Amino acid sequence: GNAGKLSEFFDSNVDLKIVEKENIYSKSQATILVKDFFKTNKPTSMDLSHEGGPENAKFAICNLTTNQGKFRVYFLFKTVNGKSLIQKFRIEKDGQ
């Protein structure tokens with residue numbers, strides 16, 4: 001639930017979906033939305049379900065358990081100037 005640490009890996013713009021909110025946000029806007037999500041949904045565990053993709057565009061799917069229920073988290077990382085940055089980040093209710 002450390003949105004500040006997570007946001008260090010956000011690209012300058014992030015395709016973000018958090019439950020009902022979906023749009024392309026700036027890094028600072030995305031950080032605020034992720035912080036708000038974690039204020040209400042305090043993580044208790046997160047397990048990697050699947051990962052893959054070519055070298056320059058990796059993805060990961062995780063199962064997140066919080067005090068408010070279970071969610072599926074999806075990350076898409078792309079390599080920009082030698083650094084892996086999150087370009088797509090989704091948190092969806094498990095089962096959607």
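This is a predicted model: local features need pLDDT of at least 70, side-chain atom pairs count only at pLDDT 80 or more; totals for chains, interfaces and linings use all residues.
**Exercises: a sheet, a helix and a core**

K17 stands opposite E22 in β2.

**Exercise 1.** Find out how many bridges join β1 to β2, and whether the two run parallel or antiparallel.

*Solution.* Start with the general idea: strands of a sheet pair through backbone hydrogen bonds, either parallel or antiparallel. Two strands count as paired if there are at least two bridges between them. Here, β1 and β2 are joined by six bridges, and they run antiparallel.

**Exercise 2.** Work out the strand order of the sheet, then name its edge strands.

*Solution.* First, the order: six strands line up as β2-β1-β6-β5-β4-β3 in an open sheet with mixed pairing. Next, look for strands that pair on one side only: those are β2 (21–26) and β3 (43–52), the edges. On average, neighbouring strands are turned by 20° against each other, direction ignored.

**Exercise 3.** Say which element gives the largest share of the largest nonpolar core.

*Solution.* Begin with the core itself: it has 21 residues, and F10, L16, V34, F75 and F89 have the most contacts inside it. Then list the elements that give two or more residues: α1 (3–7), β1 (10–18), α2 (27–40), β4 (57–66), β5 (69–80) and β6 (83–93). Of these, α2 gives the largest share, with five residues. To finish, zoom in on L16: beyond its neighbours within four places in sequence, L16 is in contact with K21, E22, N23, Y25, A30, L33, V34 and F89.

Terms used: Residues are numbered from 1 along each chain as its sequence is written. Side-chain values use heavy atoms; hydrogens and water are left out. A nonpolar core is a set of buried Ala, Val, Leu, Ile, Met, Phe, Trp, Tyr and Cys residues joined through side-chain atoms within 4.5 Å. Buried means under 20% relative accessible area, exposed over 50%, partly exposed in between (1.4 Å probe, protein chains only). Helices (H or I, at least four residues) and strands (E, at least two) are DSSP runs, numbered from the N terminus. Contact means heavy atoms within 4.5 Å. Axes are lines fitted to C-alpha atoms, for helices over the stretch in contact, and angles run from 0 to 180 degrees between N-to-C directions.
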